[in-house]
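The exercises below concern the structure shown next. Each one sets a task and then works through it step by step.

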Amino acid sequence: MSRIKKLFVAKPSRVLNVYCTAGYPKLNSTLEVMEALQENGADLIELGMPYSDPLADGPVIQASSSVALDNGMTITVLFEQLKDFRKRIHVPVILMGYMNPVLQYGFERFCKDAAAVGVDGLILPDLPEYEFETEYGAVIRQSGLDFIFLVTPETTEERVRKLDQLSGGFLYAVSSSSTTGSNKNMTDVNAYLKKLKGFHLQNPVLVGFGIKDKTGFDAACEHAQGAIIGSAFIKALEGSKNLQVATKSFLQSVVGNS
Amino acid sequence: MEPITSYQRPNERGYYGKFGGAYIPEMLHPNVEELQTRYLSIMQEPAFQLEFRDLLRDYVGRPTPLYYAKRLSQQLHSNIYLKREDLCHTGAHKINNTIGQILLALRLGKKRIIAETGAGQHGVATATVCALKGIECIVYMGEKDIERQAPNVARMRMLGATVVPALSGSKTLKDATNEAIRDWINNATDTHYIIGSVVGPHPYPDMVARFQSVISEETRWQLKEKTGSELPTHVVACVGGGSNAAGAFYHFLDELSVQLVAVEAAGHGVNSGLSAATTALGKAGILHGSKSLVMQTEDGQVVEPHSISAGLDYPGIGPLHAHLYETGRGHFLNVTDEEALRSAFEIARLEGIIPALETAHAFAALKQLKLNETDQVVLCLSGRGDKDLATYMKQMEMMNA
């Protein structure tokens, strides 16, 4: 059983996935931030691989990506940093990024190296379902990584079911059709999540985009297994002197002492 | 009859050979899928065709002349015909596409139009058709381009468009395109994105090429009138994303006797680090929703290009052109900033035509071709130079100094 699957068996509700950008705020802070997240209540970590043209991301994650790139973060450097990370991190870790840097690294080599260091899953928002099915899906499956598709309120039921079938680990429900970190109304989101719940999908559902605090997290957890917080956490790290203190106080504000 | 294998058509997934496709986040899926399933049937509706053709004739001023450039031909000891897209309403070929896409957007029930622009020509062409149809228009433009293309920014504003500066990255066309795509993600249901070049996810490269194909459609019969033959020996066009080249090549793509010459911007020189010559410097990659050749680092970060011409200052190229490059069907040359500038002044004095800086690259490349007296060369004069006057004035000061 994969590490992500085990997590949802052990904790079927209120799963908190926190996004951070690799190499942000400092090139070598990646592991420190991940460790702080694990210690303070994150059940899952989504590690962003910075890219020069992150189309699906809003200004906060864009800015953190530029900083990380300026710091010298690359996929090669990241895998070097992650070499022994399983000695310290036991929560599931997902890499999130865009196709182009992965293609340049070599898609197959990337999947192999990610699995070898102990990464559990992969999110590539600009890898479409057709190309996944015809070309890349087999490579990902062979590596043992879970691939996580995104669905939105505009995704048809038929397509949600198809993407659910193709996904492993969980399904990423984008709260509204937007880039990351936007402000959208959570009442609409509730109806959408209720609808998704009614589909009885094979994968657990985590909600992301625009979730920034306890209220948002609680609302998301009403009809889904949990939520993903990204931009709000990056904001909390911005200009912080002590990453552990910043991470702790941010996570406490979302899930309280657990 | 269409040949069975055609360079014109991508496959049903939008691939020209290995380039193309639709690498988009799920948030754009409904929009792009709707376009994919409907663009061809809408474009083939007789009512659409009628309105499109009428506007091209009465509003844009088509057909644009095919002009035999006598003094230039004498200088090059050859025969050069200029396809005068610079005489289109708004001063460049860009409006052929925006007319088509606005009609399409209205038939899709869209209420809001967004666009990206580099030189500002596509922005002006989009603002123009939005004014024509009374529809809201937002144009994303790199901050750097807003500075160097001030007259076009003023035109867009006068036409009622909102010009939004793109502040990220190199602050040029690539970043304006990113911002436009993000806007589209955030406003997917009511908004149509009018992409200005043969780039972006399928069906944009094919759709834009079809709207621009009127250039080569006219060229064929015009050339026949003038020379007795529909086929030139060469068609020459500048390429940034590649829309004027796609239009100028389109009806010659499967005429293998016609040499297709695409001219990229070398900036300060192909190996100077300040260049936009994508086929010379790029590798296969994914940018703005399609697989194509992309200028990038070893780590797959997209490189900030350089060209004196804002319209060519783009680190990618349309998938059709990547395929023409890969298969050898297209002949790719490049021209530096300096050569383009020199050429613009030469053409102004030889033919009384001030070309856009983009087009000046195509002119400069004529000298790299080994032309002879029997050659019949069509050069796509994609735009006029009014928008580049500030650059030209600076050059004149330097020449006089």
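The expected span of a helix is 1.5 Å times one less than its number of residues. The model used here is predicted.

**Exercise 1. Compare the span of helix α8 of chain B with the expected one, and state how far the helix is covered.**

Solution.
- Step 1: helix α8 of chain B runs over residues 173-186 and has 14 residues.
- Step 2: from its first C-alpha to its last, α8(B) reaches 20 Å, close to the 20 Å expected at 1.5 Å a residue.
- Step 3: a residue counts as buried under 20% relative accessible area. By that cut-off 13 of the 14 residues of α8(B) are buried, and the helix is mostly covered.

**Exercise 2. Work out the strand order of the 4-stranded open sheet in chain B, then name its edges.**

Solution.
- Step 1: strands of a sheet can pair in a parallel or an antiparallel way, through backbone hydrogen bonds.
- Step 2: in this open sheet of chain B the order is β7-β6-β5-β8, and the pairing is parallel.
- Step 3: the edge strands are β7 (162-166) and β8 (191-194) of chain B, each of which pairs on one side only.
- Step 4: from one strand to the next, the twist averages 25 degrees.
- Step 5: β7(B) is joined to strand β6 (residues 136-142) of chain B by 5 bridges, and these two strands run parallel. As one example of a bridge partner, Gly142(B) has Ala166(B) in β7(B).

**Exercise 3. Is Thr128(B) buried or exposed, and which residues does it contact?**

Solution.
- Step 1: Thr128(B) lies in helix α5 (residues 121-133) of chain B.
- Step 2: Thr128(B) counts as buried because its relative accessibility is 4%.
- Step 3: with neighbours within four places in sequence left aside, the contacts of Thr128(B) are Tyr59(B), His89(B), Thr90(B), Ile95(B) and Leu159(B).

**Exercise 4. Decide how compact chain A is for a chain of 258 residues.**

Solution.
- Step 1: chain A has 12 helices and 9 strands.
- Step 2: its radius of gyration is 17 Å, close to the 18 Å from the globule rule for 258 residues, so chain A is as compact as a globular protein of that length.
- Step 3: the C-alpha trace of chain A spans about 45 × 40 × 35 Å along its principal axes.
- Step 4: of the 258 residues in chain A, 61% are buried.
- Step 5: among contacts in chain A with a separation of 6 or more, 73% are between residues 24 or more positions apart.
- Step 6: chain A has an accessible surface of about 10100 Å², and carbon and sulfur atoms account for 49% of that surface.

Definitions and conventions. Residues are numbered from 1 along each chain as its sequence is written. Chains are lettered from A and ligands numbered from 1 in the order in which they are written. This is a predicted model: local features need pLDDT of at least 70, side-chain atom pairs count only at pLDDT 80 or more; totals for chains, interfaces and linings use all residues. Side-chain values use heavy atoms; hydrogens and water are left out. Buried means under 20% relative accessible area, exposed over 50%, partly exposed in between (1.4 Å probe, protein chains only). Two strands pair if DSSP finds at least two bridges between them. Axes are lines fitted to C-alpha atoms, for helices over the stretch in contact, and angles run from 0 to 180 degrees between N-to-C directions. Contact means heavy atoms within 4.5 Å. The radius of gyration is taken over C-alpha atoms; the globule rule is 2.2 Å times the number of residues to the power 0.38. Accessible areas come from the Shrake-Rupley method with a 1.4 Å probe; for residues, only the protein chains shown count as cover.
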